[in-house]
Each structure stands twice: as C-alpha cells, then as structure tokens.
Amino acid sequence: MAEAALKTVPRASSDALLAVRGLEGWYGESHVLHGIDLDVRAGEVVTLLGRNGAGKTTTLRAIIGILARRAGSITYEGVETIGMASRNIARLGLGYVPEERGIFASLTVAENLMLPPIVKPGGMSVAEIHTLFPNLAERAGSQGTKLSGGEQQMLAIGRILRTGAKLILLDEPTEGLAPVIVQQIGRTIRELKGRGYTIVLVEQNFRFAQTLADRHVVIEQGRVVDEIANDALDANIDKLHAYLGV
Amino acid sequence: MTTIFGVPMQALFGQLLLGLINGSFYAILSLGLAIIFGLLNIINFAHGALYMMGAFVAWMLLNYLGVNYWWALALAPLLVGAFGIVLERVLIARLYKLDHLYGLLLTFGMALIIQGLFRNYYGVSGLPYAIPPELSGGQRLPFMFLPNYRAWVVVASLAVCLATWLVIEKTKLGSYLRAATENPTLVQAFGVNVPLFLTLTYGFGVALAGFAGVLAAPIYSVNPNMGADIIIVVFAVVVIGGMGSILGSVITGFGLGLIEGLTKVFYPEASATVIFVIMVLVLLVKPAGLFGRAA
C-alpha cells in the first residue's frame with residue numbers, strides 16, 4: 001500500500017544524481033520541451049542525441065536554469081531546482097559549457113579561466129588544467145576570443161573544472177573543430193570520467209559520443225523517445241539513423 | 001605681450017585650463033554613464049541631477065552639520081551612491097527586460113523630479129560654497145596664474161578616472177564587471193550574483209557623479225540647474241567616445257574640454273556648439289563612436 005502511494009508521486013530513483021521529470025520549456029510563446037524525463041547517475045556520461053531543434057540544448061539550458069520559462073521537476077542531489085535562479089543552481093555543483101563557448105572578449109585567457117567562482121571544494125588547480133590543456137598556459141595573456149576555436153573550447157571546459165562542479169553540462173563541444181582537436185576533447189572527457197565527473201553531453205556526432213558515453217538518450221520534438229545503452233549502439237544503428245535523419 | 005597665432009598667450013593658456021577643468025567634469029560624468037550603460041543598458045538621464053545632488057549634499061553638510069569640504073568629498077559620493085542604490089532597486093531594476101527607451105524616460109523623469117524638489121527648496125539663484133582654505137590662492141607660472149583649486153580638480157579627476165579604469169581592467173572584481181557587461185546570463189550561470197553587481201554598479205556610477213558635484217561646488221555656484229546644463233554636453237561626449245567604452249569616455253571627456261577651450265580662444269561664437277558639431281561628424285563617419293566597438 002505504501003509502495004503504491006509512493007509510485008503516484010514521480011520520484012527520481014535513489015541513485016540518480018540528476019533527475020528530470022516532466023520538464024516543459026518555452027522560448028517566449030513557443031513551447032519547446034514537452035515533458036522530458038531523464039536520470040543521470042553519479043559518474044555517468046550520458047549523451048543527448050537528436051536532430052537540430054529537437055530540444056537538446058534547451059534541456060541543458062533548463063537544467064542550469066537560464067531558460068526563463070520552465071516547469072516540471074529537476075532535482076540535483078535531491079534538491080528541487082525548477083524555481084531556482086541559475087546562480088544558485090550553479091552553486092549546487094553544476095558546471096555549464098555553452099554551445100557558443102561563451103569566451104569573454106574583454107577578458108584575457110587567464111581571466112576567463114579564473115572567472116567562474118569556486119562552487120564546491122575539490123576543483124582542479126590551474127596547474128592541473130594547464131597540464132590537461134597546455135595551450136591555455138602558453139596563451140594566458142591573450143585576449144580570450146583571439147584563441148582558435150579548439151582552444152576556446154578547451155578554455156570553456158577548463159574554467160568549469162576549476163570550480164569544483166561535479167556535474168558538467170557540455171553542449172556540442174566538438175562542433176566545427178578539426179579531427180585532431182576532437183580527439184583531444186574526447187581524451188579529456190574520458191579523463192574527466194575517470195576522475196569521477198558526471199557529464200551530460202549534447203552531441204550531433206554519435207560516432208564521437210560512442211567513444212565516451214555510457215548511455216544515449218534520444219530526444220525528438222521536446223520528448224525523450226528512446227534510450228540506447230552504449231554497447232547496444234551498433235545493434236540499433238538503423239533505428240538511430242532514422243531518429244537522426246542521417 | 002607674447003602671442004601665439006595672434007592670441008595672447010595668457011588668454012590661450014587660461015582657456016586651455018578652463019577647458020581642462022570642464023573636461024575633468026565631462027570625464028568623470030561620462031565615465032559613470034559609460035559604466036552604467038555598459039552593464040545595465042540604462043541611459044542614465046538622472047546623472048546630471050545626481051551630480052547636482054553631490055554639490056548640494058556638500059553644501060548641506062557644511063551649512064547644516066559643519067562638515068568640511070574634505071569630509072564632504074568622501075561622504076557626499078557615498079550618500080548619492082546610496083540614493084542611487086535605492087533608485088535602482090525600487091525603480092530601474094524593473095526595466096532591464098524592456099527597451100532602452102523606457103530607461104531613458106524613467107531616468108529623465110527622475111531627473112526632473114529631483115531638480116524640481118531642489119528648485120522648490122533652494123531656488124535657482126545659486127548658493128555659494130567657499131574653496132577650502134588649504135586650496136585657496138594659486139601659483140604664478142611664467143605664462144599664467146594657476147589657481148590651486150582648479151589644479152586640484154584636474155588632478156583629482158584624473159586620479160579618480162585612472163583608479164576606476166585600473167579597478168575595471170586589472171582586478172578580479174573588474175573582470176566580473178566586464179564579463180557581465182558582455183554576457184550577464186552566462187556569468188549568472190557560473191554562480192555569480194549578477195543582480196547585486198547591477199545594483200552596486202549603478203551605485204558606483206552615480207557616486208562618481210556625486211564626487212564630481214562636490215568638486216564642482218566651489219567653482220560653479222551650487223544650483224539646482226547645474227546638472228541639466230552639463231548633462232547634455234556629457235551625453236554628446238559619451239556618444240563621441242562610444243557608448244559603454246570606459247577609456248574612451250575619459251579620453252574624450254578631457255579632449256573635448258580642451259577643444260571647447262581652444263574654440264573659445266579662436267572662434268568664441270562656436271564654443272557652445274563645437275562639441276555637437278564634432279558629435280555629428282563622428283556619428284557620420286564612425287557611428288559606434290571613436291572608441292566604441294561596432295555592435
């Protein structure tokens with residue numbers, strides 16, 4: 001009886017670090033997310049796959065709280081964040097790497113790196129970040145936007161690692177980058193996974209995602225329509241092609 | 001008498017000094033406007049009224065409480081800044097999601113109310129404010145007489161502008177301000193309290209205006225209209241320098257003060273309009289302003 005009562009309330013499974021339930025989202029008048037359900041366990045790398053405009057980026061924006069109009073439930077470590085300001089959500093230990101990278105032109109590379117405040121203990125030191133991305137050390141004094149696209153992406157990821165955030169929202173980190181840079185970003189994400197970070201990755205390139213992810217969540221028209229374990233990806237390749245329209 | 005281009009040297013240097021003094025006020029005021037516009041996207045039309053308030057607060061501190069000039073120089077900006085923080089929290093903060101025009105209309109209305117209140121209580125004839133005894137007198141230079149107080153105004157203004165620029169460009173606090181000016185949403189998503197920054201920035205910008213008001217009190221008479229007279233020129237300075245450019249507003253402020261002074265020597269008839277002519281030319285050639293980044 002008690003169990004039945006529990007089931008009527010949508011609740012995250014106890015091992016989920018991030019639990020999204022019935023997430024609705026709007027850009028102005030247009031309704032973009034229509035009830036996203038998503039669980040991410042600590043230490044997992046989960047990719048959101050789907051066509052352009054399916055709602056992947058919007059889902060990340062809703063999780064970090066910069067989507068102005070959102071409804072439903074998002075809990076992080078059991079804390080409901082749906083009504084919180086984004087600055088308070090970030091303070092729970094979430095780090096956001098936006099699709100456009102968000103490198104500040106009026107700040108140097110070093111200033112960009114130091115900008116996000118420490119939100120939790122245990123973040124990487126600047127020296128560790130420089131070991132991960134040696135280019136950032138060499139160009140510390142340059143204007144942030146004078147970096148190449150790949151270096152800007154490294155800076156966008158690196159500055160989040162300093163903050164102690166344990167859940168990282170990565171929006172298309174490989175978009176428009178040369179293959180050798182894509183490989184470096186891939187190595188970095190695997191390294192972060194090895195260190196216990198939890199990562200939600202929006203990615204168009206599922207071949208790249210396949211090398212990193214534990215699970216792939218397929219989003220279509222603002223809903224989760226399928227979930228594919230990474231080791232089942234090849235078996236479901238036709239289905240995936242249909243989802244992505246490739 | 002020595003002359004340059006047929007103009008007595010004494011007159012030339014006298015007008016250049018006057019230009020530099022005016023430029024000092026243009027620089028501090030346009031700096032405050034630039035910081036506020038950069039971060040808040042508010043065209044702060046109340047800036048002149050708050051400058052006037054700075055002068056009046058100094059006058060009141062002296063005449064009602066016996067607080068001298070030097071204390072007023074520190075206290076008046078704090079009081080004007082605190083008043084600005086209240087204005088921002090109660091009124092301006094409601095406009096951030098709306099078009100620039102609303103901010104301009106609101107702050108213009110605030111300026112009219114503030115000026116009206118002071119006009120009602122103190123009239124428009126102006127109140128005297130004595131030069132502090134430490135700065136009375138002057139230096140007899142080979143080519144001109146330099147009043148100590150006027151030299152102090154130029155030095156104090158330069159120092160405040162330089163300090164503000166250093167804080168914005170070289171400190172961690174300044175990097176938050178610059179980043180939030182570029183992309184407030186993302187800075188907020190990193191866990192920074194951006195609304196608090198907006199409030200403090202408005203408070204700081206109008207504190208600069210209050211500081212300029214105290215500096216001005218012993219030079220111009222303390223008058224409810226003093227802000228309305230200068231603010232139109234200051235807006236032209238901001239447009240010429242480029243909206244939101246910190247260094248641009250300071251350099252343009254001093255530069256245009258000097259140009260105005262030179263015009264008074266060589267073609268006095270144009271001295272009241274020269275800044276606006278320059279503004280028109282700059283807008284034609286470089287619409288984003290001399291130091292502005294094209295949007």
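In chain A of this predicted model, strand 4 and strand 5 form a hairpin with 2 residues between them, and Glu77(A), which lies in the turn, has a positive phi of about 50°. Helices (H or I, at least four residues) and strands (E, at least two) are here DSSP runs, numbered from the N terminus, and two strands pair if DSSP finds at least two bridges between them. Strand 4 and strand 5 (residues 79–80) of chain A run antiparallel and are joined by 2 bridges, with Glu80(A) as the bridge partner of Thr75(A). Strand 4 (residues 69–76) of chain A also pairs with strand 1 (residues 16–27) of chain A, in the antiparallel sense and over 7 bridges; there, Gly25(A) stands opposite Arg70(A).

Chain A as a whole contains 10 helices and 10 strands, and its C-alpha atoms fill a box of roughly 60 × 40 × 40 Å along the principal axes. The radius of gyration, taken over C-alpha atoms, can be set against a globule rule of 2.2 Å times the number of residues to the power 0.38; for 246 residues a compact globule would have a value near 18 Å, and chain A agrees, with 18 Å. Of these 246 residues, 45% count as buried, a residue being buried if 20 or more other C-beta atoms, placed from the backbone, lie within 10 Å of its own.

In chain B, helix 9 (residues 226–241) has 16 residues, which at 1.5 Å a residue should span 22 Å, in agreement with the 23 Å between its end C-alpha atoms; the expected span is 1.5 Å times one less than the number of residues. A kink of about 25° is centred on Ile232(B) in helix 9 of chain B, where the bend is the angle between axes fitted to the seven residues ending at a residue and the seven starting there. Helix 9 of chain B is mostly covered, with 12 of its 16 residues buried, among them Met226(B), Ile230(B) and Val237(B). The elements that cover these buried residues include helix 1, helix 4 and helix 10 of chain B. Helix 9 of chain B is followed by Gly242(B), whose phi is positive, near 110°.

The contact between the chains takes 13 residues from chain B and 18 residues from chain A, two residues being in contact if their C-beta atoms, placed from the backbone, lie within 7 Å.

Residues are numbered from 1 along each chain as its sequence is written, while chains are lettered from A and ligands numbered from 1 in the order in which they are written. In this predicted model, local features need pLDDT of at least 70 and side-chain atom pairs count only at pLDDT 80 or more, whereas totals for chains, interfaces and linings use all residues.
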